[in-house]
Amino acid sequence: MSAEDFGGTIEAYTYPEEFKACDGSAEIAPGVYSGQQSRSVFGLSYRTLIGNDVDSNNHGYKLHLVYGCLASPSEKGYSTVNESPEAITFSWEFSTTPVEITTLIGGKALKPTALITIDSTTTDAEKLADLEEILYGKDPTEPEGSDGVEPRLPLPDEVITLLTSAD
């Protein structure tokens, strides 16, 4: 069997300045961009809800971490100003290149991966909260006086170590 591929489509009404390099844009001067440039590789995370007949959509969620993404922009459909304006949406197809995992699980090596999925209904809540703090950062104005955490996407080895460590 051949290795499976992972990819998808990202759709958004806007995107941060940092994503321009992933879209193939390079800034020539303030406010001046050149398209069709080499695209940067990126990673992302997203959540999907888990529902059931008792808790409805509040049962839990799955956290998906995606690595080694390379975006290819889809067509941008601009339109002129008219009586019924519609917001433009941006869309990118993305493919992935799996990243290495060096941590052994049960004495065995895992193959490279582009996707890690974490189920909130079965994962230790404190460890999941620690992972989400790494992913989304921490507000430095929180009552405990934290210095804050700069959000980032941890590599699979760090995720595995965090979620499998003894308490």
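**Strands, cores and a pocket in a predicted model**

Read along the sequence of this predicted model, the protein runs β-β-β-β-β-β-β-β-β-α-α.

Student: How many helices and strands does the secondary structure of the protein come to?
Tutor: The pattern opens with β elements and ends with α-α. The secondary structure comes to 2 helices and 9 strands.

Student: What percentage of contacts between residues at least 6 apart join residues at least 24 apart?
Tutor: Take the contacts in the protein between residues at least 6 apart in sequence. Those that join residues at least 24 apart come to 58%.

Student: Which elements give two or more residues to the largest nonpolar core?
Tutor: This core has 11 residues, including Ala-12, Cys-22, Val-66 and Trp-92. Phe-42 and Leu-44 also belong to this core. The elements that supply two or more of its residues are β4 (42-52), β5 (56-73) and β6 (90-96).

Student: How many residues are in the second, separate core?
Tutor: Leu-63, Tyr-67, Ile-116 and Leu-135 are among its members. The total for this core is 10 residues.

Student: Which residue in the hairpin of β2 and β3 takes a positive phi?
Tutor: Strands β2 (residues 26-29) and β3 (residues 32-34) pair in the antiparallel sense, over 3 bridges. Glu-27 stands opposite Tyr-33 in β3. The hairpin has 2 residues between its strands. The residue with a positive phi, near 85°, is Gly-31.

Student: Is Lys-20 buried or exposed?
Tutor: Lys-20 sits in the loop between β1 and β2. Leaving aside neighbours within four places in sequence, Lys-20 is in contact with Tyr-15, Ser-25 and Tyr-33. The cut-off for buried is under 20% relative accessible area. Lys-20 has 17%, so Lys-20 is buried.

Student: Which strand gives the largest share of the lining of the largest pocket?
Tutor: This pocket holds about 410 Å³ of space. Its lining has 13 residues, with Pro-16, Phe-19, Phe-42, Gly-43 and Leu-44 nearest the centre. β1 (7-12) and β4 each supply at least two lining residues. The largest share, 4 residues, comes from β4.

Student: What percentage of the accessible surface belongs to carbon and sulfur atoms?
Tutor: Start with burial: buried residues make up 25% of the 167 residues. The accessible surface of the protein comes to about 11600 Å². The part that belongs to carbon and sulfur atoms is 51%.

Terms used. Residues numbered from 1 in each chain as written. Predicted model: local features only at pLDDT ≥ 70, side-chain atom pairs only at ≥ 80, totals over all residues. Heavy atoms only, no water. Buried < 20%, exposed > 50% of the residue type's maximum accessible area, 1.4 Å probe, protein only. Contact = heavy atoms within 4.5 Å. Areas by Shrake-Rupley, 256 points an atom, 1.4 Å probe, with all protein chains shown as cover. Core = buried A, V, L, I, M, F, W, Y, C linked by side-chain atoms within 4.5 Å. Pairing = 2+ DSSP bridges. 1 Å grid on protein atoms, 1.4 Å probe; cavity = no way out; pocket = protein on both sides within 12 Å on 5 of 7 lines; lining within 4 Å. Points joined across faces, edges and corners; volume = space filled by probe spheres on them.
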